Amino acid sequence: MTRIPGLPVSPGVAWGPAALMLQRHPTMRYGIPAADVDREIGRLDQAREVSATQLRAIRARVAQRAGADLASLFEAQVLMLDDALLVPRARRIVESDRVNAEWALDRAFDEFCAVFAEVGDDYLRERRGDVADVVGRLRRNLLPASAGGVRVLAGLAAPAVLVADDLAPSFAAQLDPSMILGLALETGSRTHHSAILARSLGIPAVAGAPAVTAQIRPGTTVLVDGDAGEVVIDPAQDVVDQARSRRARRVASAGSAPASAPGPVTTADGVAVRFLANIERIDEIDAARAAGAEGIGLFRSEFLLAGRAVEAFDEEAQYRVYRDVVERMAPHPVAIRTFDVDEAQIAGGGPGEPDDGARAREAGLSRGPLGLRAIRLSLGHRAAFETQLRALARAGRHGAMRMLLPLVSSVDELREARAALRSATRDVGGSGPRTPAMPVGIMIEVPSAALTVDLLAAEADFFSIGTNDLIQYCLAVDRTDGRVAGLFDPLHPAILRVIRDIIRLARPSGREVALCGEMAADPGALVLLLGLGVTEFSMSPAAIPEARELVRQVTMREARRTAVRAVSRPTSTDIAALLAARFPALASWPAGRDGRPHMEGPS
Amino acid sequence: MLERTVTIRNPLGMHARAAARFVHAAGAFQARVTVTRADRGDRRVDGKSILGLLLLAAARGAVLQITAEGADEGEALGALCRLVEAGFGEEP
């Protein structure tokens, strides 16, 4: 048994046979039942055929351009393809070890390399590169051309824990929670889109678990503890038993949640707090309702694109989705955020595909957090924006629909977007004396918006603080860059101050300010946010029951006192210490559902 | 079964292309061909397997022991030894 610490990014605990996915050289590794041996051998043989055809074509081309001598290198590669030590060896590994074709091929190559590593001669040792070239070609030809690992995942015979070096959000969005029990990732953080998706799918996940993929062998069992942030390789029986009883408690409490009268929850001293849900897929509505969400505070419409170009998702298709969400959530309000993507994604790159950076740069498309994205992109690509606005205006007639604009950084942008909405509403004949205009809110994510909330309040109907981006822009941290991701600090005094000031600047206008970032899913941060004056939260459905429970146990009075002190502490470490001192029960939250100590600090 | 030793002469040793030529030459005969390092004598590999030959890591000066067994073993052994001694037909 090996324990690997990581970041808890999606709550819950799960264990099962490991399925390994390496995105850097895309490979899926998993065990297969005896019935699939022939299929996997067939895949190997087919990959060998395709590779041989490709290599012969390359050889002919090189012979023509560079001469027979260089071309003979590819003749050598053709021989390697047919060599008994490679594909035939992999075939035997599929049969004897019952593993999929990719895994068997990697094993055969590893065996070869293990012997070759002993070779003393540098020049000859470099010949390993020729073999690696052939193996790389076979690997690529094993994978279906476009679908990457997703189609391979479809070959999973039994539910498994997915262990991966990295997970693109477009891939995470397609995971089937009935087949993927849990996620153990080497990279990522709480606010990575894949972590957000894991939470929305209710899949326990741990991110930032170093070198976890290197631990996976045939038949390895993996336990993912998304509460404590730990991956356990080949867990001992008592560890599994503990996890099982914890999961049983969680299921029991989740089952009782709807009975606990969804609706306004109040703090221990009677202040009402509202919880709404962040979702990106329509099938999350049931989970949102079951969790007691009083609406959808954030529907991330860009996930509807799922890697397709925006043109592929026309007005009618969008209208049907938006209408469906708003009707199924009735009578609660639904805030649809317009596409929050960059130029590469709206061209069909998919949100955050790991390898589309180069492609996007080649095509001259804008990428990155400071580029042409979100509202800037919508105002620039008018046709796509107008399509979305018409769909929203039509769907808005069917319920309490609100529109939320991402990344607004000036009043000008808000005005332009509102004008576009008015015109779209006229186009679809949606305005009239009987139909009230759809409320338009903005995300507060950019410091320029945070500093001018009072000015924006004159023209925005409501605000939603997007903490993920707000923290990124305030602290100048690219959270996708592992080397600086550690600087992404929700408890930085600057973050607490900017949230305090947003609330203060909005107050005279009476505009409501919600907070929709993942920051609120952290119990300590939630207490501070309450104290800073936030009383409406939107978060992933899975996080709502525990947050509601926490709110019931704290008093607003104590939360305020703590927050007032916290904003004057110099570092996040000091702020965490302050929280620990005033709310000692937070340390063990959410453990011990039964007989939990009353959540009250010293007064 | 026939057997002979022969020394690698070309500067780059038995690299991928050289090994490919050896495999082609061996493949022209019915005889079973195996190769081992006479100067190390550890591993005996199939003379018709390019990856096996690469595993011998035969740099310049390495001494190979080639065996051939089968109807055309004499011709096979002669042809393969000539190929190695000719430096696999590469420029010296």
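The mean pLDDT of chain A in this predicted model is 83, pLDDT being the predictor's confidence in each residue on a scale from 0 to 100. A value of 70 or more is reached by 84% of chain A residues. Residues 145-150 of chain A fall below 50. Beyond near neighbours in sequence, this stretch has nine contacts in the model; two residues are in contact if their C-beta atoms, placed from the backbone, lie within 7 Å. Residues 350-357 of chain A also stay under 50. For them the model has 21 contacts beyond four places in sequence. Where pLDDT is low, the predicted coordinates should not be read in detail.

Local features need pLDDT of at least 70 and side-chain atom pairs count only at 80 or more, whereas totals for chains, interfaces and linings use all residues. Residues are numbered from 1 along each chain as its sequence is written, with chains lettered from A and ligands numbered from 1 in the order in which they are written.

Chain B has three helices and four strands. These are DSSP runs numbered from the N terminus: helices are H or I of at least four residues, strands E of at least two. The order from the N terminus is β-α-β-β-α-β-α. Of the 92 residues in chain B, 40% are buried, with 20 or more other C-beta atoms within 10 Å of their own, all C-beta atoms being placed from the backbone. Among chain B contacts between residues at least 6 apart in sequence, 73% join residues at least 24 apart.

Chain B contributes 17 residues to the contact with chain A, and chain A contributes 20. On the chain B side, α1 (16-27) and α2 (50-55) each supply at least two residues.

Note on methods. Buried ≥ 20, exposed ≤ 12 C-beta atoms within 10 Å, placed from the backbone.
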